[in-house]
Amino acid sequence: MSDAVIDAPQARVAGQQGTALLELSDLHVSYGKTAALHGVNLSVYPGEVVALIGANGAGKTTTLRAISGLLKPTRGDIRFKGSSIAGLSADKVVALGIAQSPEERHVWPTMTVDENLSMGAYLCKSKVEVERRMGIVYHRFPRLKERHRQLAGTLSGGEQQMLAIGRALMSEPTLLLLDEPSLGLSPRMADEVFAFVREINAHGVTVVLVEQNVHNALNVASRAYVFETGRVVADRDAQSLKQDPELLSAYLGA
Ligand code: ATP
């Protein structure tokens, strides 16, 4: 995680005039013989928070899993910092600067908070460096620091979500992929998690956010892509999308 503080709204505006950090073109992904993505195109610029929204099964998680190297595209390309990463292993994608915090958190319940965070920096061989990164995460997440020796399975849902995001930050990503960070959380905890996402972004990390709670997603993101049955059907500024209830109810039933 860069310590350079970037003003996020300015970064978004500046970024969109420059080169995309991430670019998906004509992306097709299948599960066996079943096609899940049918030619997705999207771009994310440095400093943005971009939301992917859409009904259940629209292809949002599949898109994140393809970016992070967990699924291989059957057609199309994924470019990160100008180079193709389509088909690279998940390890290589992490090493290039992309980290994913998966849906339903998936922290290791019988490991401590410290141990879970260390696992996020598994590519880093220097203990001193791992401790430095942990210090940054704990600085941003004092509540995790208070519980650093506690088993992750005993944390509240919101704390586990913060731990999952903190673990993703341990690889010092340029691009953070967040899948349903508010899933199962109380509104208060969800607010805390979204405030944290804003803070991470303000420190220079670009974020792609998949979120069922459209209201929260559009409050955090500057732009959103609307997915329907494996395709992008709209790409809009978050503010204008918020004011378009017809479009939201057409695709999301919101
Ligand atoms: P949700 O919010 O419900 O997770 P989503 O927009 O993230 O929805 P995906 O999970 O990407 O949607 O699913 C896209 C399509 O791929 C759906 O038709 C889904 O049934 C299918 N799919 C997802 N995972 C698998 C899998 N492991 N095996 C087979 N099909 C899958």
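The model is predicted: local features need pLDDT of at least 70, side-chain atom pairs count only at pLDDT 80 or more, and totals for chains, interfaces and linings use all residues. Residues are numbered from 1 along each chain as its sequence is written, and side-chain values use heavy atoms, with hydrogens and water left out. The ligand is surrounded by 13 residues. The structure holds one aromatic pair.

**Ligand site**

- Gly-57, Lys-60, Thr-61, Thr-62 and Gln-212 are the closest of the 13 residues around the ligand. A residue is near a molecule if one of its heavy atoms lies within 4 Å of it.
- The shell divides into four nonpolar, six polar and three charged residues. Here Ala, Val, Leu, Ile, Met, Phe, Trp, Tyr, Cys and Pro count as nonpolar, Asp, Glu, Lys and Arg as charged, and the others, Gly among them, as polar.
- Helix α2 (residues 60–67) gives the largest share of the shell, three residues. Helices (H or I, at least four residues) and strands (E, at least two) are DSSP runs, numbered from the N terminus.
- Lys-60 has a side-chain N or O atom 2.7 Å from an oxygen atom of the ligand. A polar contact is a pair of N or O atoms within 3.5 Å; within protein, one must be able to donate a hydrogen and the other to accept it, and residues adjacent in sequence count only if both atoms are side-chain atoms.
- Asn-56 places a polar side-chain atom 3.4 Å from an oxygen atom of the ligand.
- Tyr-31 places a polar side-chain atom 3.5 Å from a nitrogen atom of the ligand.
- On its own, the ligand has 630 Å² of accessible area, and the protein covers 59% of that. Accessible areas come from the Shrake-Rupley method with a 1.4 Å probe; for residues, only the protein chains shown count as cover.

**Helix α2**

- Six of the eight residues of α2 are buried, so this helix is largely enclosed by the rest of the structure. Buried means under 20% relative accessible area, exposed over 50%, and partly exposed in between (1.4 Å probe, protein chains only).
- The buried residues are Lys-60, Thr-62, Thr-63, Leu-64, Ala-66 and Ile-67.
- Gly-69 follows α2 and has a positive phi, near 85 degrees.

**Aromatic pair**

- Which residues form the tilted pair? Phe-141 and Phe-196 do: their ring centres are 3.5 Å apart and their planes stand at 35 degrees, so the pair is tilted.
- Rings of Phe, Tyr and Trp (its six-membered ring) pair if their centres lie within 6.5 Å; planes under 30 degrees apart count as stacked, over 60 as edge-to-face and the rest as tilted.
- Phe-141 sits in the loop between α5 (127–140) and α6 (142–146), and Phe-196 in helix α8 (residues 187–202), so the pair ties together parts that are 55 residues apart in sequence.
- Both Phe-141 and Phe-196 are buried.

**Strand β1: His-28 and Asp-26**

- His-28 belongs to strand β1 (residues 22–31). His-28 counts as buried, at 15% relative accessibility.
- The His-28 side chain reaches the backbone oxygen of Asp-26 at 3.0 Å.
- Not counting residues up to four places away in sequence, His-28 touches Leu-37, His-38, Gly-39, Pro-73, Thr-74 and Arg-75. Contact means heavy atoms within 4.5 Å.
- Asp-26 also lies in strand β1. Asp-26 is partly exposed, with a relative accessible area of 31%.
- Asp-26 is not a glycine, yet has a positive phi of about 50 degrees. Most residues other than glycine have a negative phi.

**Two glutamates**

- Glu-180 is another non-glycine residue with a positive phi, near 55 degrees. Glu-180 is found in the loop between β7 (175–179) and α8. Glu-180 is buried, with a relative accessible area of 4%.
- Glu-159 lies in helix α7 (residues 157–169). Glu-159 counts as buried, at 8% relative accessibility.
- Leaving aside neighbours within four places in sequence, Glu-159 is in contact with Arg-143, Leu-144, Arg-147 and Met-189.

**Tyr-251**

- Tyr-251 lies in helix α11 (residues 245–252). Tyr-251 is partly exposed, with a relative accessible area of 26%.
- Tyr-251 touches Ala-55, Val-226, Glu-228 and Val-233, not counting residues up to four places away in sequence.
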